[in-house]
Amino acid sequence: MALARHYVTAQDAEGNALATPTIEVRKELPGQPLATIYSDDAGASVRTNPFTAADLDDCYFHAAGGRYQIKVTSGSDERIWRYQSIGLGAGTDFTALYPKGAWDSEGVYNIGDVVSEEVSGGDVYLFASIIDDNEGNEPDSATPGNTLAWMFLGIAVGVQGEDGLPGSSDVTGTSTSSVAIGTGTKSFTIVETSRGWAVGARLRISSDANPTVNWMEGVVTSYSGTALEISVDLVHGSGTLDDWTINLAGEPGAGGDSTESTLQAASAKSSVVGNDRLPLLDSESSNALKYVIASVLAGFILTPTPLVDSDDLDALTTPGLFSLAGVTVSNVPGSRTYGNVLVTTDGSQPTQLFWGGVNAAGGIAFRRKDAGTWYDWKEIPISGALAVSDFNPLAIVLEAAGIAGNHDDTSLPTSLAVKAYVDRNFTADRTAIKALTPVAGDTSFLMEYPRGGLFRFDDSDLSAEVAADTEEGIYISSGDGSAGAWVRQRQEGYLESNWFGHSTAETAANNDTALQACLDYAMAEDGPPIVQMPSGTFSHNTDALTIGAVANKRIIVRGRGASTILSFTASSASNGFWIGHATAAQTGFACRLEDFRINGDSQTYITGIYMKYASGQVVTNVWFQTLLECVAIETCFSVQLRLNNARNIGADFFRAVDRTHNFCAEGNKLFTLGNYAYNFQGTLGHLGIYIAGAGNEDIEGAVGFVKSAGPLYSFVFRDVYSEQTTGDIFDFGDVVWGEITNNIFQFGNSHTTDIENFVGRWDNNRLYDVQITWGSGSFPKVGNANTVASGGSFPAMPFRERELIYHSADAVSHTGDTSETTLVTVTIPAGVLGTKGFVEWDATWQAGASNANAKTLRARLDGISGTAFYAGSLAGSRIIRAHGGFANTAADAQKGRFVSAGGGSGGQFGTAAAVPVTAAVDTSAAVDLVFTVELANSGDTAGLEMLTVWLTRG
């Protein structure tokens with residue numbers, strides 16, 4: 001059988017992906033044993049439990065259908081999910097069978113559907129479909145057996161016999177005769193005389209000490225005075241006893257008695273499995289029910305394998321049914337003939353052995369081995385073979401339990417009491433459970449797919465609850481609920497959408513009604529409810545799912561990863577989910593959508609999620625595909641989009657209408673967008689915009705990344721890998737204050753993009769084949785850590801802050817010749833001065849000795865042959881400090897006109913008579929500013945003690 005795959009949400013409380021998470025899976029059973037899990041749906045490869053996932057894509061496992069506890073740990077972070085349903089109807093992992101009546105050649109059947117087929121002579125056989133879309137394949141009723149399309153379940157029904165009639169006089173007696181419980185002729189001395197027992201009457205002889213456990217039944221063969229002799233054919237219990245009460249008994253129906261004792265013997269009402277009970281119908285712990293179901297579905301009961309003569313049953317490890325006919329087994333207590341051994345396995349348990357056969361009284365004897373221990377023999381008295389009179393989804397389970405003593409694939413050696421219990425406690429659908437006449441505390445397991453679950457009857461006035469639960473997901477009542485209702489037993493604050501009829505087999509309209517009913521119930525329930533959607537593809541119409549804002553309310557809508565798909569169809573502009581309030585914000589309302597997929601039928605019409613007047617909204621781990629846009633919000637406060645995935649989107653991934661406060665987008669992967677990744681509309685402006693990669697943000701194939709109509713305040717765009725835009729990276733329609741840092745922009749073909757109206761930091765970005773042009777209104781503060789590859793460039797930037805580009809306090813001097821010599825060179829980067837940039841410098845000069853010899857000091861632009869904007873002298877002085885600079889005063893940055901700040905030969909602090917020095921210098925390329933010294937006497941020494949240079953960009 002195919003196993004269901006389950007994805008695990010490996011995130012911390014803030015939605016951040018956990019590094020190398022460790023995942024542990026346990027069964028929701030007493031003791032919570034570790035479950036056996038697999039890495040494939042065929043169960044061929046067992047996965048270590050616990051296991052450490054390599055990444056988010058590795059956070060999955062396959063398991064047999066059931067309820068599980070899942071724990072995820074990473075460092076100090078730990079999250080635990082309880083009662084996670086896995087499988088239970090997905091693929092071929094089915095646990096219920098569905099009666100469909102007589103086989104119809106025009107009918108189409110799916111896995112688990114059961115049909116009957118009548119043959120000549122009046123026999124009717126039952127078959128279960130083992131494939132979906134089973135059409136035109138007639139069951140093999142001529143020679144009943146399994147086929148590629150059908151599993152043979154056995155012959156259908158007989159009729160229960162009538163109860164026996166009581167005598168006409170005194171019919172009760174007592175005896176103190178010491179008699180051993182057993183079949184055959186038994187003699188009793190009766191204390192009373194003249195009882196109304198004729199030969200042929202049926203009596204029950206029960207022990208006063210324990211009448212429901214120790215008793216015998218049989219037919220009177222002789223009775224006279226105080227001497228009674230009966231032929232015992234039905235017994236229960238054991239021992240030699242002498243405290244007998246004798247009553248008339250009814251004749252049992254064909255195939256078994258109708259007494260409660262048989263039910264009790266079969267442990268049908270057992271809630272705890274112990275060494276002294278036969279665990280047939282209990283589902284709490286190590287028991288037969290789950291093992292037998294697995295064996296039946298695998299076809300074991302129809303193909304018994306003969307065993308050779310051997311005492312070593314412990315050596316059996318392969319699940320299946322084995323015939324013991326003719327085998328001598330030395331450790332069998334008592335005198336019995338044994339027929340079959342049922343070997344079953346469960347992932348968390350060792351091999352289970354159910355060893356049984358026909359006992360001396362014609363009943364069934366069982367012995368069970370569990371976890372290496374053989375338990376005591378248990379016997380079920382059977383009077384002949386009883387055919388199943390009405391097919392029930394659990395009838396096959398009871399047959400599996402009974403075949404150990406009578407395996408002919410045509411009859412069911414069990415009692416009507418067990419059948420009656422099953423009919424009452426396992427109802428096929430809501431109609432059946434409404435037809436019951438319950439009392440407070442009664443329970444019944446609803447088998448209806450996909451609504452199945454355990455219900456308990458509450459006789460209090462539940463009319464308000466019944467009225468609110470329009471789709472009978474939690475409350476089922478045959479009336480208005482005033483006289484009580486069946487109430488689903490569930491984990492508080494947890495809802496499954498399939499309880500309300502949400503199904504992969506339903507139409508879009510029915511699924512709209514079902515899921516909306518579940519969402520409405522969640523919003524009305526106290527506490528922060530979780531709505532869980534199962535795996536599968538669910539058809540839906542747009543504008544059909546609404547989560548209305550309720551003050552101070554929290555709600556979580558969760559799927560099972562990418563395997564939960566909501567497929568929306570539309571013919572005009574519309575929404576998948578609509579969240580919030582139509583006219584005014586509600587205080588504290590928050591909705592979290594996570595771990596599912598939204599599909600559209602085109603890129604033209606559908607917005608996946610629309611929010612209005614809502615706060616505290618989170619969308620995480622949601623897949624969007626083939627939509628107009630993924631998420632749109634209007635006048636919302638605090639919205640988070642984290643770790644989502646979008647593909648083939650016709651317009652924007654995210655669109656904000658009107659004003660937004662506190663928006664966070666982190667770790668999203670966006671591919672093939674028809675417009676911008678993030679589009680902020682409206683002229684009012686948006687406050688607190690944070691878009692970050694957290695190592696995962698990836699934007700590819702978009703017109704651009706961020707577009708805005710009004711101002712953006714506190715804007716952050718960081719840690720994002722982005723490529724393949726067809727337009728501008730950023731299209732800011734109004735001023736944006738913030739930072740753009742630590743990003744990688746890669747477009748190819750020397751993509752040119754214009755950025756306007758940005759004021760803030762532009763640091764640590766990497767450009768591949770991107771040429772940025774700063775438009776009007778942009779004043780970015782560009783750091784030195786930006787890098788460009790071939791084809792990339794940062795042009796002149798309108799920067800108005802003074803920055804230090806050179807500083808040194810290490811002395812550098814010259815001596816030995818009289819030529820002009822360069823002491824320090826400072827390069828002015830290409831294009832940074834523009835039309836309004838300027839350079840300032842401050843220098844401290846020192847001579848080796850104070851004498852009259854000239855020691856000329858210069859600052860030249862454009863190398864040692866360029867114009868000297870400063871010329872000073874140390875003749876007669878030992879030290880001098882000078883401050884100078886130059887600015888571009890021309891409109892054309894290619895030919896700047898520079899003016900010396902110090903001017904003339906008296907450039908040191910103070911006044912000077914010289915006029916400013918000017919020159920035309922091309923600053924579109926890098927220009928060297930050099931500081932030199934020229935000695936009149938080669939024996940002198942002079943140089944720079946300290947130099948500082950500042951740049952203000954144009």
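In strand β32, F455 is the bridge partner of S444. This pairing belongs to a predicted model. S444 is part of strand β31, which covers residues 443-446. Strand β32 covers residues 453-458, and four bridges pair β31 with β32 in the antiparallel sense.

Which residues of β31 lie on the covered face, and which on the uncovered one? S444 and L446 form the covered face, while T443 and F445 form the uncovered face. As a general rule, side chains in a regular strand alternate between the two faces of the sheet.

## Helix α7

Helix α7 runs over residues 508-524 and contains 17 residues. From its first C-alpha to its last, the helix reaches 24 Å, which is close to the 24 Å expected at 1.5 Å a residue.

How many residues of α7 are buried? The number is 12 of 17, and the helix is thus mostly covered. Among the buried residues are A508, N511, D512, A514 and L515. The buried set also includes Q516, A517, C518, L519, Y521, A522 and M523.

S207 lies in strand β18, residues 202-207. Is S207 buried or exposed? S207 counts as buried because its relative accessible area is 2%, and the cut-off for burial is under 20%. Leaving aside residues up to four places away in sequence, S207 touches N214, L241, D243 and W244.

K669 is placed in strand β50, residues 669-673. K669 has a relative accessible area of 31%, and therefore counts as partly exposed, a class that lies between the limits of 20% and 50%. In sequence, K669 and I699 are 30 residues apart; in space, their C-alpha atoms are 6.1 Å apart.

## The chain as a whole

The protein chain has seven helices and 74 strands. Of its 954 residues, 51% count as buried. The chain exposes about 38800 Å², and carbon and sulfur atoms supply 49% of this area.

Contacts between residues at least 6 apart in sequence were also examined. Of these contacts, 60% join residues at least 24 apart.

How values were computed: Residues are numbered from 1 along each chain as its sequence is written. This is a predicted model: local features need pLDDT of at least 70, side-chain atom pairs count only at pLDDT 80 or more; totals for chains, interfaces and linings use all residues. Side-chain values use heavy atoms; hydrogens and water are left out. Helices (H or I, at least four residues) and strands (E, at least two) are DSSP runs, numbered from the N terminus. The expected span of a helix is 1.5 Å times one less than its number of residues. Buried means under 20% relative accessible area, exposed over 50%, partly exposed in between (1.4 Å probe, protein chains only). Contact means heavy atoms within 4.5 Å. Accessible areas come from the Shrake-Rupley method with a 1.4 Å probe; for residues, only the protein chains shown count as cover. Two strands pair if DSSP finds at least two bridges between them.
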